[in-house]
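Biologist: I would like to learn how to read a protein model the way you do. Could we go through it together, one feature after another?

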Amino acid sequence: MHKTYQTSGVCSRQIDIELDENNVITECRYTGGCHGNTQGVAALVIGMTAEEAIKRLSGIRCGMRSTSCPDQLARALKEAIGA
């Protein structure tokens, strides 16, 4: 399953995610944002289930913002799996 998510409240603009039939993340790409950080987060979640990534990334904040690029990924995954 492919999911394109338009981010909000962060430097990145979009996240593209691929999930297999077991909700395992097979691909994750950010557009925009802090390249090193988003590339690192994307690499770390490959092979992880969407549920585990949501559990680990939800609620992470970036400075004074109420969200972050990892939190936006968790939100995208929730939408993708209907959680």
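Modeller: Gladly, and let us begin with charges: a salt bridge is a side-chain nitrogen of Lys or Arg within 4 Å of a carboxyl oxygen of Asp or Glu. By that rule the structure holds five salt bridges. Do keep in mind that this is a predicted model, where local features need pLDDT of at least 70 and side-chain atom pairs count only at pLDDT 80 or more, while totals for chains, interfaces and linings use all residues. Residues are numbered from 1 along each chain as its sequence is written, and side-chain values use heavy atoms, with hydrogens and water left out.

Biologist: Which residue forms a salt bridge with Asp71, and how far apart are the closest N and O atoms?

Modeller: The general idea is that side chains of opposite charge can pair when their charged atoms come close. Here the partner of Asp71 is Arg75, with 2.8 Å between the closest N and O atoms. Both lie in helix 3, four residues apart, about one turn of the helix. Helices (H or I, at least four residues) and strands (E, at least two) are DSSP runs, numbered from the N terminus.

Biologist: Is Asp71 buried or exposed?

Modeller: For this we use relative accessible area: buried means under 20%, exposed over 50%, and partly exposed in between, with a 1.4 Å probe and protein chains only. Asp71 is buried at 4%, whereas Arg75 is partly exposed at 37%.

Biologist: Which residues of helix 2 are buried?

Modeller: In helix 2, residues 50-57, they are Ala50, Ala53, Ile54 and Leu57. Seen down the helix axis, they fall within an arc of 100 degrees, so they line one face; the arc is that of the directions from the axis to the C-beta atoms. The face turned away from this buried side carries the exposed Lys55 and Arg56. Among the elements covering the buried residues are strand 2, strand 3, helix 1 (35-45) and helix 3 (69-81).

Biologist: How many residues are in the largest nonpolar core?

Modeller: In soluble globular proteins, nonpolar side chains tend to be buried together. A nonpolar core is a set of buried Ala, Val, Leu, Ile, Met, Phe, Trp, Tyr and Cys residues joined through side-chain atoms within 4.5 Å. The largest one here has 22 residues, and Ile17, Ile25, Cys28, Tyr30, Leu73 and Leu77 touch the most other members. Helix 3 gives the most to this core, with six residues. Counting contact as heavy atoms within 4.5 Å, and leaving out residues up to four places away in sequence, Leu73 touches Ile15, Ile17, Cys28, Tyr30, Val41, Val45 and Leu57.

Biologist: And the strands: how many bridges join strand 2 to strand 3?

Modeller: Two strands pair if DSSP finds at least two bridges between them. Strand 2 and strand 3 (residues 25-32) run antiparallel and are joined by seven bridges, with Leu19 opposite Ile25. They form a hairpin with five residues between them, and Asn23 in the turn has a positive phi of about 65 degrees. Strand 1 (residues 2-6) also runs antiparallel to strand 2 (residues 12-19), through five bridges.
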